[in-house]
Amino acid sequence: MDIKVNLSDIYKPSEDIVARDIQGELIIIPITSGIGDLEDEIFTLNETGRAIWEKLDGKKTLKEIAQELARDFEGSLEEIEKDVLGLIRELLKRRMLVEVKKNA
Amino acid sequence: MVDKIATNEPYITKQRIDKAFLWKDNQPLLSSLDIELTERCNNNCIHCYINLPVDDLEARKKELTTDEIKGILKEAVSLGCISVRFTGGEPLLREDFEELYIFTRKLGLKVLIFTNATLITPHLAKLFSHIPPLKKIEVSVYGMKKESYEAITRTPGSFETAFRGINLLLEYKIPFVVKSALLPFNKDEIDEFEAWAAEIPWMDKPPTYSMFFDLRARGDGNKNELIKKLRVSPEEGLKILTRNKERYLKEMKEFCSKFMHPTGDKLFSCGLGCHSGCVDAYGNFQPCMMLRHPDFVYDLKNGSLKDALTNFFPKIREIKATNADYLSRCGKCFLKGLCEQCPAKSWMEYGALDTPVEYLCEVAHMQAKFLGLIKDNENAWEVRDWQERRDNFVVKKKME
């Protein structure tokens, strides 16, 4: 199923997971069922994923996040936007993010 | 910081925590923590090393409060802990179990529960279904029939309540495994038990058994005499261990290649209190679940997990054995890894940390003879070519 994500959307981590930094590794631990398929599963983010994750504060749009990352890292804004949208789709598939409505 | 953000790697990876090797040499100070929520139990198992009566008010009064346990859990998380085992006694006996469980999971900890399943209710099963423990629950099952089960638990009605709890776990699809204690009352049911266990969807290997029972953790002369009588003989133990000879040899080969060697005067050869430990029901932090010697437990009411792990436990690990009998036998014995002898067990048996536990020595020798590591009438501590024998066994068994 294709998940529709726009650069104007705002997201924050879901309360169905806990993200923990343990010895420099960002680990996502499911709290409620249906996130991991098996017992004993956790999730780790790669460096790209982590850089994006840390900016998902429920206030910035994805566009703003990509622009901030473009200032800190090499790579075109277009490439970075692609990465941001890619990660968000993966996280949404796993119910790890919730959308924050702009007028809420 | 990464130089270039766009990569072709997956952004997010699903991992089995035990197989992830995320930290290699950079493990967190505390990886896993055992918490004995209570020493009380609603069963009165004949062989048990720890159970106190459910209505032992004195024990209840001394137990850690909900807030004290929460404080310990929060500190554990700050030290990098990822997994907590709730055990006891029967951990579900605590009235605040549900509160503690939810709190623990919301901290981002995985929870392993050791239980007899008698107190699993539909409400609790629903909770485990909604907020999964992320570790398979471990259920002790004492028999397949009411007579055998209750001869061990000495608690009327416990057979029905245990199987009601187990059926709830099955109904709500809560991952769990079963294990047992082998006693004269149930040892003829082993095939029936294993056939039943094999039908449990989460049993990826046969159940484990306790049979070389530990004595009472806090001493108890009368009960200890009974426990000694209930232990299987070394011959019987070997027969049970080798029921599946192929699997036993495979496990032993792997085990021996890693752990089998003499340890000299080093008393603690097990990595005691490294990245783990056990909080007893009253707030004492033990470097392992079995070691309750008062000199080696750390009072968390007047300190912290961090202080125990960084200052207190390392000093214990340095302690040397001094008993001449131990030094001439256990210190030189290459079965040390195979043998369950350890300071905690020595202390429970004899009140000293470095006394050879004769029963465990016999069990280890019986296995070593079966594996061809020693000859009849040979004492393993007198074997000089132990490395060659170990290597031959490991290589030969690998080639078979």
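Modeller: Let me begin with burial, where a residue is called buried under 20% relative accessible area, exposed over 50% and partly exposed in between, with a 1.4 Å probe and protein chains only. This is a predicted model, in which local features need pLDDT of at least 70 and side-chain atom pairs count only at pLDDT 80 or more, while totals for chains, interfaces and linings use all residues; side-chain values use heavy atoms, leaving out hydrogens and water. Residues are numbered from 1 along each chain as its sequence is written, and chains are lettered from A and ligands numbered from 1 in the order in which they are written.

The part I would look at is A:Ile29, which counts as buried because its relative accessibility is 0%. A:Ile29 belongs to strand β3 (residues 25-30) of chain A, where strands (E, at least two residues) and helices (H or I, at least four) are DSSP runs numbered from the N terminus. Leaving aside residues up to four places away in sequence, A:Ile29 touches A:Asp16, A:Ile17, A:Val18, A:Arg20 and A:Ile42 in chain A, and B:Ile82, B:Arg105, B:Gly108 and B:Leu134 in chain B; contact here means heavy atoms within 4.5 Å.

As to confidence, the predictor gives the complex an ipTM of 0.90 and a pTM of 0.92. For chain B the mean pLDDT (the predictor's confidence in each residue, from 0 to 100) is 92, and 94% of the residues reach 70 or more. Where pLDDT is low, the predicted coordinates should not be read in detail.

Chain B also holds an open sheet of nine strands with mixed pairing, in the order β9-β8-β7-β6-β5-β2-β10-β11-β12. Its edge strands are β9 (209-210) and β12 (298-299), each of which pairs on one side only; two strands pair if DSSP finds at least two bridges between them. Within chain B, β10 and β11 (residues 284-286) pair in the antiparallel sense over two bridges, and B:Cys278 stands opposite B:Gln286 in β11(B).

The backbone of chain B has some details to check by eye. The peptide bond from B:Gly88 to B:Gly89 is cis, with omega near 20 degrees, and B:Gly89 sits in the loop between β5 (83-87) and α4 (97-106) of chain B. Just after α6(B), B:Arg154 takes a positive phi of about 50 degrees; B:Arg154 is partly exposed, at a relative accessible area of 35%. In α6(B) itself the buried residues are B:Ser148, B:Tyr149, B:Glu150, B:Ile152 and B:Thr153, and they pack against β7 (137-140) and α7 of chain B. B:His275, although not a glycine, likewise has a positive phi, of about 65 degrees, and it lies in the loop between α11 (245-259) and β10 (276-279) of chain B. At 28% relative accessibility, B:His275 is partly exposed.
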